[in-house]
Amino acid sequence: MTLAARIAPLVLVAALLQVSALAGGRIFGAELDLLLLVVLAVGLLRGSVAGAGAGFAGGLLVDVMALSTLGVTSLLLTLVGY
């Protein structure tokens, strides 16, 4: 199984949970961001290129699903993953 085939479902599930279940959730005033943690873990465990790719794909998914400005979240998560 290739690396992308293992990372893609993880990023997809994290993005879906981010938009649906964790939307607007706060703990001690901080907003919950599961996708940020997943991208950070991928970047640390698999390297900067895999982390940046996962961040871009996950951020683009969140931007499309949330109907927000396209590219803002993907740019942020790409930098985090790198």
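Which residues does Asp-63 touch, not counting residues up to four places away in sequence? They are Ser-68, Thr-69, Leu-70, Gly-71, Val-72, Thr-73 and Ser-74, a contact being heavy atoms within 4.5 Å. The model is predicted: local features need pLDDT of at least 70 and side-chain atom pairs pLDDT 80 or more, while totals for chains, interfaces and linings use all residues. Residues are numbered from 1 along each chain as its sequence is written, and side-chain values use heavy atoms, without hydrogens and water.

**View 1. Asp-63 in helix 3 (residues 48-66).** Helices are DSSP runs of H or I with at least four residues, numbered from the N terminus. Asp-63 is buried, with a relative accessible area of 1% (buried: under 20%; exposed: over 50%; partly exposed: in between; 1.4 Å probe, protein chains only). Its side chain reaches the backbone nitrogen of Gly-71 at 2.9 Å.

**View 2. The buried residues of helix 3.** Among them are Ala-50, Gly-51, Ala-54, Gly-58, Val-62 and Asp-63. The buried residues of this helix pack against helix 1, helix 2 (34-46) and helix 4 (72-81). Just after helix 3, Leu-67 takes a positive phi of about 55 degrees.

**View 3. A nonpolar surface patch formed by Leu-12, Leu-16, Leu-61 and Met-65.** Together these residues have about 300 Å² of accessible area (Shrake-Rupley method, 1.4 Å probe, only the protein chains shown counting as cover). Met-65, at 32% relative accessibility, counts as partly exposed.

Terms used: Helices (H or I, at least four residues) and strands (E, at least two) are DSSP runs, numbered from the N terminus. A polar contact is a pair of N or O atoms within 3.5 Å; within protein, one must be able to donate a hydrogen and the other to accept it, and residues adjacent in sequence count only if both atoms are side-chain atoms. Patches are made of residues with over 30% relative accessible area and no salt bridge: like charges are joined within 9 Å, nonpolar side chains (Val, Leu, Ile, Met, Phe, Trp, Tyr) within 5 Å. A salt bridge is a side-chain nitrogen of Lys or Arg within 4 Å of a carboxyl oxygen of Asp or Glu.
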